[in-house]
Amino acid sequence: MRAVRISVATAVATVAALTAVTGCTEKSDAKSGGSGAVAVTATDDGCKVSKTEFPAGHVELAVENKGSRVTEVEILFPDDRIVSERENIGPGTKHTLTAEVKSGDYRIACIPGMKGKGHRQDVKVTGGKAAKRDPRLDAAVAAYRQYAQAQADETLPKVKTFTDAVRKGDLEGAKKAYAPSRIGWERTEPVAESFGDIDPKTDTRADGLEEGQKWTGWHRLEKALWQDKKLGAAEKTLATQLDKDLADWQQRVGKAEITPTSMANGAKELLDEVATGKVTGEEERYSHTDLVDFKANVEGAEKAYELLKPVAAENDAALTKDLDKQFAALDTLLDKYREDKSGYDFTSYDKVGKADRKELSDAVNALAEPLSKLAAAVVK
């Protein structure tokens with residue numbers, strides 16, 4: 001996710017690990033460079049596309065990173081809302097991004113180091129007809145939209161419990177309310193990120209700030225609670241700002257651009273979030289509540305998958321069988337770290353040893369590889 005950053009060195013190491021498991025090398029995608037695909041060549045100082053005009057419907061970007069840094073490729077509306085994206089594309093690797101786009105003007109962005117606006121190429125999508133869609137996919141989109149709205153609606157009261165404690169100067173109460181306030185957000189983060197401006201204000205870590213950006217949001221307060229161990233006037237102001245920014249998110253969720261492919265790509269993005277932030281312990285570096293976020297990310301990915309599964313299973317039964325297996329394995333593994341049977345009290349991540357983190361990472365990677373194929377499976 002754009003607002004949750006890792007250092008370039010860490011990103012390279014993470015992608016190397018993912019590559020070892022998933023085989024995301026030049027052989028990772030047999031379709032890359034196919035006649036119907038738009039080839040995107042990402043470099044450290046450019047973003048070259050093979051076509052600047054293509055028909056509406058399902059578009060396939062065959063992405064190759066020829067740069068020296070981990071990169072991200074996005075399809076953007078002119079106002080910077082995200083249509084779809086693929087993160088953590090390692091140097092020398094190829095990936096395919098499948099998206100559904102209507103006619104209109106867009107931009108394709110390549111973002112070396114996954115920070116900033118990157119390099120952009122304007123493109124035009126022509127034709128008045130959107131992709132033909134199975135009615136079951138329309139139902140899936142509608143159900144997912146309801147799910148995303150429900151998560152936002154349920155998050156606001158939990159956030160207020162957290163921010164009220166901050167405003168009262170109740171350090172322990174705020175600590176207790178912190179992780180629960182993030183669950184709904186973590187389940188549906190790709191939807192929040194699609195707006196472009198909310199995520200940087202609410203969920204940025206100190207090392208993810210853009211030039212000139214003020215640090216606000218959950219993680220700024222997390223630092224105050226666990227590292228600084230004080231709640232003053234500045235933190236109380238930040239708490240009120242967080243309430244305001246998340247209320248804005250809640251109001252905008254219903255306007256989000258959601259398609260079957262964005263749901264599938266979003267599920268993969270959530271697994272990337274786990275791989276690059278939660279497994280490494282970088283996301284919640286002060287509170288060590290990473291496993292709460294981890295579980296919420298997996299639940300959000302699984303929800304999108306379950307809604308798309310009826311169509312995906314008809315198109316690629318082997319894929320859905322593998323996804324069922326890998327989701328179940330990861331869920332079972334996460335249950336080992338629950339402090340209770342069904343709630344969200346998980347082991348503090350600083351108490352999870354290196355070998356156990358490796359086991360979690362392997363389970364995430366085993367799921368991420370087939371999940372990267374879900375978008376293609378729903379448009380066959």
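Tutor: The axes of helix H7 (residues 218–228) and helix H8 (residues 233–252) come within 10 Å of each other and cross at roughly 150 degrees. Here axes are lines fitted to C-alpha atoms, for helices over the stretch in contact, with angles from 0 to 180 degrees between N-to-C directions. That makes H7 roughly antiparallel to H8 (under 35 degrees counts as roughly parallel, over 145 as roughly antiparallel, 65 to 115 as roughly perpendicular and the rest as oblique). This is a predicted model, in which local features need pLDDT of at least 70 and side-chain atom pairs count only at pLDDT 80 or more, while totals for chains, interfaces and linings use all residues. Residues are numbered from 1 along each chain as its sequence is written, and side-chain values use heavy atoms, with hydrogens and water left out.

H7 passes H8 in a left-handed crossing, a term for a near helix turned anticlockwise from the far one by less than a right angle, clockwise being right-handed. The residues that meet there are Trp 218, Arg 220, Leu 221 and Ala 224 on the H7 side, and Glu 235, Leu 238, Ala 239, Leu 242 and Leu 246 on the H8 side, where contact means heavy atoms within 4.5 Å. In the loop between H7 and H8 lies Lys 229, whose phi is positive, about 55 degrees, although the residue is not a glycine. Lys 229 counts as exposed, at 56% relative accessibility (buried means under 20% relative accessible area, exposed over 50% and partly exposed in between, with a 1.4 Å probe and protein chains only).

Of the 380 residues in the protein, 56% are buried. Among contacts with a separation of 6 or more, 72% are between residues 24 or more positions apart.

Four strands form an open sheet in the order E2-E1-E4-E7, with mixed pairing; two strands pair if DSSP finds at least two bridges between them. Strand E2 (46–49) and strand E7 (94–101) stand at the edges with a single partner strand each, so one side of each has no neighbour in the sheet. From one strand to the next, the twist averages 25 degrees.

Strand E1 (residues 38–43) pairs with E2 in the antiparallel sense over four bridges, and a hairpin of two residues joins E1 to E2. Along that pairing, Thr 43 has Gly 46 in E2 as its bridge partner, and Ala 42 stands opposite Cys 47 in E2. E1 and E4 instead run parallel and are joined by five bridges, with Val 63 in E4 as the bridge partner of Val 40. The covered face of E1 holds Val 38, Val 40 and Ala 42, while Ala 39, Thr 41 and Thr 43 form the uncovered one. Helix H9 (residues 260–278) lies across strand E4 (57–65) and E7, running at about 145 degrees to E7.

Cys 47 also forms a disulfide with Cys 110, the sulfur atoms being 2.0 Å apart (the rule asks for a pair of cysteine sulfur atoms within 2.5 Å). Cys 47 lies in strand E2 and Cys 110 in strand E8 (residues 104–112), so the pair ties together parts that are 63 residues apart in sequence. The torsion about the S-S bond is about 50 degrees, so the disulfide is right-handed. Both Cys 47 and Cys 110 are buried, and by this rule the count comes to one disulfide.

Thr 71, in strand E5 (residues 71–76), is buried, with a relative accessible area of 1%. Leaving aside neighbours within four places in sequence, Thr 71 is in contact with residues including Ala 42, Asn 65, Arg 86 and Cys 110. Thr 71 and Asp 44 are 27 residues apart in sequence, and their C-alpha atoms are 8.6 Å apart in space. Asp 80, in the loop between E5 and strand E6 (82–89), has a phi near 80 degrees, a positive value in a residue other than glycine. Asp 80 counts as partly exposed, at 21% relative accessibility.
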